[in-house]
Number of protein chains: 2
Amino acid sequence: MGSSTGGRPPVMADVAKAAGVSHQTVSRVLNDHPNVRAETRTRVLEAIDRLGYRRNMVARALVTRHSRTLGVVSFDTILYGPASTVYGIEQAARDAGYFVSIVSLRTIDRAGMRDAVNYLIEQGVDGIVVVAPQRSAASALEDLSPGIPIVAVEGGHTGRVPVVCVDQAEGARLATAHLLELGHETVWHIGGPQDWLEAEGRIEGWRDVLTAAGRKIPDVLPGDWSPRSGYTAGKHLAGMADQISAVFVANDQMALGVLRAFTEEGVRVPDQISIVGFDDIPESEFFSPPLTTVRQDFGAVGRHSIDVLLGQIEEGAAEVLERFVVPPDLVVRGSSAPPGA
Amino acid sequence: MGSSTGGRPPVMADVAKAAGVSHQTVSRVLNDHPNVRAETRTRVLEAIDRLGYRRNMVARALVTRHSRTLGVVSFDTILYGPASTVYGIEQAARDAGYFVSIVSLRTIDRAGMRDAVNYLIEQGVDGIVVVAPQRSAASALEDLSPGIPIVAVEGGHTGRVPVVCVDQAEGARLATAHLLELGHETVWHIGGPQDWLEAEGRIEGWRDVLTAAGRKIPDVLPGDWSPRSGYTAGKHLAGMADQISAVFVANDQMALGVLRAFTEEGVRVPDQISIVGFDDIPESEFFSPPLTTVRQDFGAVGRHSIDVLLGQIEEGAAEVLERFVVPPDLVVRGSSAPPGA
DNA sequence: TTCGGTAGTGTTATCGCTAACATTCTCACT
DNA sequence: AGTGAGAATGTTAGCGATAACACTACCGAA
């Protein structure tokens, strides 16, 4: 409100003068230092309120050498998975008393990754979370030794950076096993982009289950997460519908494309072919038919990544090269059924 | 790489010593000051490289009084619209040489808004973009006079803060007019949450067109953006399918719910009832049938909001209380057709 | 009474940088 | 050679906060 400081925002010294104390006492009040008389404290707080004083965190960060701000590096922040992850991270950080500065990279290369991390370090963040679901991003992260705490989300575990992720292979196992348990002879798979670690993990889990059950392992159909790529793969599968009874699709958006292709080609789901997706996007429940899928708990991923990061920052746990794995859940809906139902 | 500074990261003075110049000269090199001899410049750059020096932007921000960082306040950052908007803002900011610090509010109230804005100001951001699609958020913004440049995205225009938004009413007009042109007698509407300005704008545009054409204006069916609410409304509409031939749904997710409900009830789209959505999410093209919808250019919204904000910051254009409106596009697909087709 | 401990407060130095001013160096032109 | 303008560089003084230490008052114990 009222400022007797002549235009510019009041600083600590102005508050000190107004309260008749030293600026250090103001600082003590602001930082909840115990050795301040109650009467003095209220006088200072009153002066702060009267002058509309706001602490300059930049000056504070300069001297304390930490900013209570975390950096987040991310790609493709419009995709449901990354968007949810970033949201989870932001909320968890704020619950822990930290704020986040976000850099969304358009392209994934070493230079971009390096620039982003450097920028965040220059800004004085206390730690960095890198959402690096692609192999290239994860490896770009590897040959960076930033000198500040860092944690990778959904990245590959290569030993230099702790990783928090959802167990992709386990999710794929749940999906594939579910289809086999329904009685399907084998399960086809539409994969995500080659470069994505998640895509790889899902292939791995799917293949594991088929191998363990001694089933034929069909070729992986390529996809790029987009509904269109699922549509294309779906058209292809529809052409050989008589040899196929179950498909595990690497994400829900592609599964939607498959459903569309099957609808166009007159392939009935789940009567002729069962479909299981991955992600459980909010739409999946209302696909026709509602999609059986694997749910990932992005909130938990965000919380764990912040836990790990703050562990490094606050306890100085130098070499916590851990790997936190969040388990996925199978959500059974109408797109999966016994064969020939 | 090598640091002869004994553990702690090198500072400008270290570089200066290594290059045999004063720290001020190092500063000049870093800030592209013209009056530096080319030979000196390379010597400094070489020293920077050798020591692995990184400028401390916190110290810089303290003295220059600006951080080249913008704050973003947002809600519901997982919804497609807000997520895309925030992404657009982040990209535009970075293209302009700024970085962003993001606060995602969980709840929308005055206190939350005030805290978020205060936090960002304390952090020393040069300006703030508030993604405030709800009436409550927009009004919380109003009685804040933060003393720094600020711009609202998708907020209501109340005169104190410049606004950038997509023309919701125009989008609704396009959708409704499209349905009337196909020959439908009137158009029903499933609206978004009461509190959202976008929901209101869409109702307004829809009503305008019906009024202008002298058509009956049905009651608005309530929705909350979620597929489930669309499903519920769809069930209701299916029960009176013989009196209805066209529905304009306030977003694509709800339209999906409607499609699902219609499928369950045996209502054929677009044969019996045409449907038009809003947003053009990536999934819409692969709904069954593919959804006719209204596309919003979130990238343009991001760019404009940054333009307006930087206008205030850099040109000090104090009272630019403008309103930038981005036009939407109608995307016609298979869910709309002439009645009784 | 004297002393040490501690609560409450003030003083000074410092974080790493840029702005402002001071100084030196260069060179064209008298 | 002498001069002055301007380029190149150095020196000093902050930015606004916290840390470290110094100081005063007051207490109870010796």
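**View 1. Polar contacts across the interface of chain A and chain B.** Between chain A and chain B, 24 residue pairs are in polar contact by the rule applied, both residues of each pair having pLDDT 80 or more. The coordinates are those of a predicted model. On the side of chain A that touches chain B, at least two residues each come from α4 (57–64), α5 (80–95), β2 (99–105), α6 (110–122), α10 (227–238) and α11 (252–265) of chain A. The residues on this side of chain A comprise 25 nonpolar, 15 polar and eleven charged ones.

**View 2. Extent of the interface of chain A and chain B.** The size of an interface is often given as the accessible area lost when the parts come together. For chain A and chain B the buried area is about 4,800 Å², with 56% of it on carbon and sulfur atoms. The contact involves 51 residues of chain A and 51 residues of chain B.

**View 3. Salt bridges between chain A and chain B.** Four salt bridges are found by the rule across this interface. One of the interface salt bridges joins the side chains of A:Arg228 and B:Glu285, with an N to O distance of 2.3 Å.

**View 4. Strand pairing between the two chains.** Strand β2(A) pairs with strand β2 of chain B, residues 99–105, in the antiparallel sense, and the pairing runs over three bridges. Within this pairing, A:Ile102 is placed opposite B:Val100, a residue of β2(B).

**View 5. Protein surface near DNA strand C.** DNA strand C is surrounded by 28 residues, and the closest are A:Arg28, A:Arg65, B:Met12, B:Gln24 and B:Tyr53. By class, this surface has eleven nonpolar, twelve polar and five charged residues. Four helices each supply at least two of its residues, namely α2 (23–30) and α4 of chain A, and α2 (23–30) and α4 (57–64) of chain B. The most is given by α4(B), with five residues.

**View 6. Phosphate contacts of DNA strand C.** Among the atoms of DNA strand C within 4 Å of the protein, 64% belong to sugar or phosphate, and the rest belong to bases. An N or O atom in the side chain of A:Arg65 lies 2.5 Å from a phosphate oxygen of DNA strand C. For B:Asn56, a polar backbone atom is 3.1 Å from a phosphate oxygen of DNA strand C.

Technical notes: Residues are numbered from 1 along each chain as its sequence is written. Chains are lettered from A and ligands numbered from 1 in the order in which they are written. This is a predicted model: local features need pLDDT of at least 70, side-chain atom pairs count only at pLDDT 80 or more; totals for chains, interfaces and linings use all residues. Side-chain values use heavy atoms; hydrogens and water are left out. Contact means heavy atoms within 4.5 Å. Buried area is the accessible area (1.4 Å probe) that two parts lose on being put together, summed over both. A polar contact is a pair of N or O atoms within 3.5 Å; within protein, one must be able to donate a hydrogen and the other to accept it, and residues adjacent in sequence count only if both atoms are side-chain atoms. Ala, Val, Leu, Ile, Met, Phe, Trp, Tyr, Cys and Pro count as nonpolar, Asp, Glu, Lys and Arg as charged, and the others, Gly among them, as polar. Two strands pair if DSSP finds at least two bridges between them. A residue is near a molecule or strand if one of its heavy atoms lies within 4 Å of it.
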